[in-house]
Amino acid sequence: MALNAAQKAQMESGKGFIAALDQSGGSTPKALSLYGVEPSDYNGDAEMFQAMHDMRARIILADGFTSEKVIGAILFERTMDGEINGKPVAQLLWEDRGVVPFLKIDKGLEDEANGVQLLKPMPDLADLLSRAGKAGIFGTKERSVIHSADEAGIEAVVAQQMEVARQVCAAGLVPIIEPEVNIHSETKAEAEEMLEKALMRHVAALAADQIVMLKLTLPERPGIYDALADHPNVLRVVALSGGYSTDDACARLGQNSKMIASFSRALTEGLNVKMTDEGFNAALGANIGKIFDASVA
């Protein structure tokens, strides 16, 4: 399956950022609580996921959520399988908003070992990638976490991520490889130096037609990932907010000219379910503007 040329061009050189709308089961209650929807407001998983879907739909349909500033969006599997205004979400994103759809495919994290958390097994990956392709998804995202500067652990994370990436590429999609470095790590700078070297080694071993994206924690040393951003196998390097406030994340991003944002919590900061549409659009629009400005800096 060939990549959609218009979507590839937008991801490679489009001005803007990727919205991360992929909170899953574990992080959903917290994301809803920040939005003003408490556990007492819903009964069971079905109602919880419906409340999350309603929040995501409100964001996607907001005035400012278009390709003018948002070039891509990462979806949770349930969101991909759902509809907004009677239209499949990935289709609506691209056709109505001009936003390239991605899918979170990981099943969460293993327990920490060697200072890292690897991806849990993904036994149904082939089926999920097939469904994603049919739904009009352009790429995927899979997240591991690095807690300390342990060379063996970091190598294991990158090797596993690249193994998954090859499967994603073979299915005709573009993987976003996300080896997050914990922002609270006491050895964050050292871990990032190790990560950059490991990523460069593995990216250099990719075949010419294996195109990947990288989603990385905003680094201690600005520009550390520039050579990766320039590599022919890397379509784009994007940054996660990782728990930094919107202002702090944007300030750090502004120091890394070859990274664009892929923020989740920073995007939805200050939004509340009780806001009028006017107030919601204004608050979301302000966040989008701030993240866009840092992405194009």
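Mentor: Start in the sheet: the bridge partner of F102 in β7 is G139. This is a predicted model, where local features need pLDDT of at least 70 and side-chain atom pairs count only at pLDDT 80 or more, while totals for chains, interfaces and linings use all residues. Residues are numbered from 1 along each chain as its sequence is written, and side-chain values use heavy atoms, with hydrogens and water left out.

Trainee: How many bridges join β5 and β7, and in which sense do they pair?
Mentor: β5 and β7 (residues 139–146) pair in the parallel sense over three bridges. Strands pair if DSSP finds at least two bridges between them. Strands themselves are DSSP runs of E with at least two residues, helices are runs of H or I with at least four, and both are numbered from the N terminus.

Trainee: And what about β2 and β5?
Mentor: Four bridges join β2 (residues 70–75) to β5, and these two run parallel. G72 stands opposite V100 in β5.

Trainee: Is β5 buried or exposed?
Mentor: Five of the five residues of β5 (residues 100–104) are buried. Buried means under 20% relative accessible area, exposed means over 50%, and partly exposed is in between, with a 1.4 Å probe and protein chains only. Both faces are covered, with V100, F102 and K104 on one side and P101 and L103 on the other.

Trainee: Switching to helices. At what angle do α10 and α12 pack?
Mentor: About 15 degrees, with the axes of α10 (residues 246–253) and α12 (residues 277–296) 8 Å apart. That makes α10 roughly parallel to α12, as angles under 35 degrees count as roughly parallel, over 145 as roughly antiparallel, 65 to 115 as roughly perpendicular and the rest as oblique. Axes are lines fitted to C-alpha atoms, for helices over the stretch in contact, and angles run from 0 to 180 degrees between N-to-C directions.

Trainee: Which residues make the contact?
Mentor: T246, D247, C250 and L253 of α10, with K290, I291, A294 and S295 of α12. Contact means heavy atoms within 4.5 Å.

Trainee: Last topic, loops. What is phi of N85?
Mentor: Near 50 degrees, a positive value in a residue other than glycine. Most residues other than glycine have a negative phi. N85 is in the loop between β3 (83–84) and β4 (87–88), and N85 is exposed, with a relative accessible area of 66%.

Trainee: And N114?
Mentor: Phi of N114 is near 50 degrees. N114 lies in the loop between β5 and β6 (116–117), and counts as partly exposed at 48% relative accessibility.
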